[in-house]
Amino acid sequence: MSTPVTTPLRASKDAYVLFPLGKKRFALPASTVTELARPDKMQNFPHTTPLLTGVLVRRGHIVPVCDVAQVLVRPDAPARKFYLIAARKFESGASEWTALPVTGECELINAPMLPRTGPLPYHVTGLLSIGNEIIEVVNLEKLAEGRS
Amino acid sequence: MRFFKKEQRKRRGNREDVILFAVGPHTFAIGAKAVEKIENMEELRPIQFVTALPKLAKVKHSLDHTGKTYFVVDASTHLLMPPSHPTRVLLLRGSSIAVAVDSIDRIVEISAIHPLPHAFIGEERGWYRGVALIQDAVVPVVNSESFLSAADLKLLRAAFAKSLHPAKQMAGAVSA
């Protein structure tokens, strides 16, 4: 069973999907997120691309699974329970779905993004201030490069 | 008759017969037309000279078949997998290359080969033609031309010929 992200909030430029990796949460622009999927059978085959751990078959698409937890939280990454499916763009102009393993349910919010301040990882495009929490907004394309 | 054959080709579309084989825990496919014959391992001879060609360490044996010498690529080494236990050899059509695999499963007809997702950017882009969906399983379809390049074959043939005639090399050295 999957949860499509299709509420009116999604249309706003300030709409983000918050996803958890252990105790920390991160955000993706809602416009890039397709769905949150329950654990599905991930399949693997030999390859040499970093961060990719396998593929899923979703609605007839072959979706690569990109374990971004290795970049975002490193050794603290707990077991992933869901797959957040988001659109990833490539330099060639192509776009395809990518599955990001996450550790819990996601949340759709509307909040203005604050600009980057101070030394932040390469893949962080801005920050969200939600209550007492500062959440990093990540760029999926830069995240998938595996640089920190 | 020509119209009938054209219609048959249209219906067949992208359908292709592939041979499913296993290497370690993974299943792969290779176009059936790319394989001339499947042999067992009995006639394989170990190749000694590859220690001088470390980049060709995946070629561990040679096989003589119908007057031709095949260079046998170990599939698990080629695919950067842990060593496995090959029991079958695929002789590739129109080349001097054979591939040692663990087992042969069956021949199936696939309706399409899906491109490898753009996210894959490593050596697998050369290893595979794409992936096939076979009964919900994602099976990589190997590129039969990826096992050895023309340059690799040239190196192998030269080293193989040298290894067969060491006495000539020695005589040449003495007379010089």
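Predicted model: local features only at pLDDT ≥ 70, side-chain atom pairs only at ≥ 80, totals over all residues.
Residues are numbered from 1 along each chain as its sequence is written, chains are lettered from A and ligands numbered from 1 in the order in which they are written, and side-chain values use heavy atoms, with hydrogens and water left out.

For the complex, we get an ipTM of 0.88 and a pTM of 0.87.

Chain B has five helices and 11 strands; those are DSSP runs numbered from the N terminus, H or I over at least four residues for helices, E over at least two for strands. Of its 176 residues, 43% are buried, meaning under 20% relative accessible area, while exposed means over 50% and partly exposed is in between (1.4 Å probe, protein chains only).

Now find helix α4 of chain B, residues 150–164. Which of its residues are buried? They are B:D152, B:L153, B:L156, B:A159 and B:F160. Those five sit on the same side of α4(B), because they cover an arc of only 135° around the axis, going by the directions from the helix axis to the C-beta atoms. On the other side, B:A150, B:A151, B:K154 and B:K162 are exposed. And what does the buried side pack against? Four strands of chain B: β4 (45–46), β5 (59–65), β6 (68–74) and β8 (97–101).

Next, the place where the chains meet. Chain A brings 17 residues to the contact and chain B brings 23. About 1700 Å² is buried between them, 72% of that from carbon and sulfur atoms; buried area is the accessible area (1.4 Å probe) that two parts lose on being put together, summed over both. On the chain A side, A:F45, A:P46 and A:I62 supply 37% of what chain A buries, more than any other three residues.

Last stop: A:A86, in strand β7 (residues 82–89) of chain A. This alanine is buried, at 0% relative accessible area. Beyond its neighbours within four places in sequence, its contacts include A:L28, A:W97 and A:L140. A:T98 is another one of them, 12 residues along in sequence and 5.4 Å away, C-alpha to C-alpha.

Notes. Expected span 1.5 Å × (residues − 1). Contact = heavy atoms within 4.5 Å.
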